[in-house]
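Welcome! Let us walk through this protein together, one part at a time. Keep the picture open as you read.

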Amino acid sequence: MTAALFSRGKGRRAVTAACAVSLGLVALSACDKPTPLATVTVGSNTVTTEASNGCYGDGKDLSSKKFKDCLSAKPEKTIKVTSGDKVRIGVDPEIAKSSWGLIANNPVMAEASKETYRSFDSDTLFARQNPQTGQTTLEKKVTITVAELGKSSQGVKGIWRFTLERDS
C-alpha cells in the first residue's frame with residue numbers, strides 16, 4: 001500500500017535526504033564551539049590563535065591544575081620581532097568585557113585591561129631582570145601569555161600563548 005503512495009525514485013530520495021540531514025546534525029553536534037581569539041601584530045605581520053585545547057573555561061574559571069597545564073603548554077604561533085618594534089595585542093570583545101592581562105618574562109601590565117587592543121614596546125617584552133643582581137638582559141625568545149581574568153581575584157577563564165622571537 002505504501003509503495004502505491006511513493007514511487008521508487010521519490011522514496012529513495014526522501015530517505016537519502018533524511019539521512020543527510022541526520023548526519024549533518026550529528027556532525028555539527030560533534031564540533032567544538034570556537035573560543036574567542038587573541039591576536040599579535042608586529043608591523044604588517046599578524047598571528048591569531050584560539051585558546052589551546054582545554055584552556056578556555058567558556059565563562060567559568062579554569063581549575064588550578066588546568067591553569068598550570070595551560071601555562072606550560074607550548075605556544076602554537078610564533079612571530080618575529082625586531083628591537084624597537086611595537087607589539088600590538090588584540091583580543092575579542094568577549095575577552096575584553098571580563099578583562100585581561102599579559103605576562104611575558106615579567107608581568108607587563110600594571111592593571112587588567114578592558115580594552116580590545118594594547119601596544120607594547122618589544123624591548124619591554126624581551127627584558128628579563130635577574131632578581132639577585134637587578135641586571136636586565138634581553139632574551140632571544142619569549143613566550144607571552146594573554147589571560148582572560150575570572151570572577152575571583154585569582155581566577156582565569158582562558159589562556160592564549162604566543163612565542164616572540166627577536167629578529168636582530
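## A bond between two cysteines

Which residue forms a disulfide with Cys55? The partner is Cys70, and the two sulfur atoms sit 2.0 Å apart. Keep in mind that this is a predicted model. In general, a disulfide is a covalent bond between the sulfur atoms of two cysteines. The count for this structure comes to 1 disulfide.

The torsion about the S-S bond of Cys55 and Cys70 is about -105 degrees, so this disulfide is left-handed. Where do the two cysteines lie? Cys55 is in the loop between strand E2 (45–50) and H3, while Cys70 belongs to helix H3, so the bond ties together parts that are 15 residues apart in sequence.

## The sheet with mixed pairing

Strands of a sheet pair through backbone hydrogen bonds, and they do so in either a parallel or an antiparallel way.

Now look for an open sheet of 4 strands in the order E3-E10-E9-E5, where the pairing is mixed. Strand E3 (77–81) and strand E5 (100–103) are its edge strands, and each of them pairs on one side only. Neighbouring strands of this sheet are turned by 25 degrees against each other on average, direction ignored. E3 and strand E10 (residues 156–166) run parallel and are joined by 5 bridges. If you find Lys80, you will see Glu165 of E10 standing opposite.

Helix H3 (residues 64–72) lies across strand E9 (141–149) and E10. The helix runs at about 15 degrees to E10.

## The antiparallel sheet

Another open sheet of 4 strands has the order E2-E1-E4-E6, and its pairing is antiparallel. Which strands are at the edges? They are E2 and strand E6 (117–121), each pairing on one side only. From one strand to the next, the twist averages 20 degrees.

Strand E1 (residues 37–42) and E2 run antiparallel, with 6 bridges between them. Thr41 stands opposite Thr46, which is in E2.

How can we look for gaps in a protein? Rolling a probe the size of a water molecule over the atoms shows where empty space is left.

The largest pocket holds about 280 Å³ of space. Of the 19 residues that line this pocket, Phe67, Ile103, Ala147, Leu149 and Val156 are the closest to its centre. H3, E5, E9 and E10 each supply at least two residues of the lining. Sorted by class, the pocket lining has 12 nonpolar, 6 polar and 1 charged residues.

How many cavities of 30 Å³ or more does the structure hold? There is 1, and the largest cavity has about 30 Å³ of space. Thr49, Glu50, Ser52, Pro75, Glu76 and Arg161 line the largest cavity. By class, that lining has 1 nonpolar, 2 polar and 3 charged residues.

## A closer look at Arg166

Let us finish with a single residue. Arg166 is found in strand E10, a strand that belongs to the mixed sheet. Which residues does Arg166 touch, not counting those up to four places away in sequence? The answer is Val81, Phe126, Leu138, Glu139 and Lys140.

Arg166 also lets you compare distance along the chain with distance in space. Ser122 is 44 residues apart from Arg166 in sequence, and their C-alpha atoms are 8.8 Å apart.

Definitions and conventions. Residues are numbered from 1 along each chain as its sequence is written. This is a predicted model: local features need pLDDT of at least 70, side-chain atom pairs count only at pLDDT 80 or more; totals for chains, interfaces and linings use all residues. Side-chain values use heavy atoms; hydrogens and water are left out. Two strands pair if DSSP finds at least two bridges between them. Axes are lines fitted to C-alpha atoms, for helices over the stretch in contact, and angles run from 0 to 180 degrees between N-to-C directions. Contact means heavy atoms within 4.5 Å. On a 1 Å grid over the protein atoms alone, a cavity is a set of points where a 1.4 Å probe fits but cannot get out, and a pocket is an open set with protein on both sides within 12 Å along at least five of seven lines; lining residues have an atom within 4 Å of a point. Grid points are joined across faces, edges and corners, and a volume is the space filled by probe spheres set on the points. Ala, Val, Leu, Ile, Met, Phe, Trp, Tyr, Cys and Pro count as nonpolar, Asp, Glu, Lys and Arg as charged, and the others, Gly among them, as polar. A disulfide is a pair of cysteine sulfur atoms within 2.5 Å.
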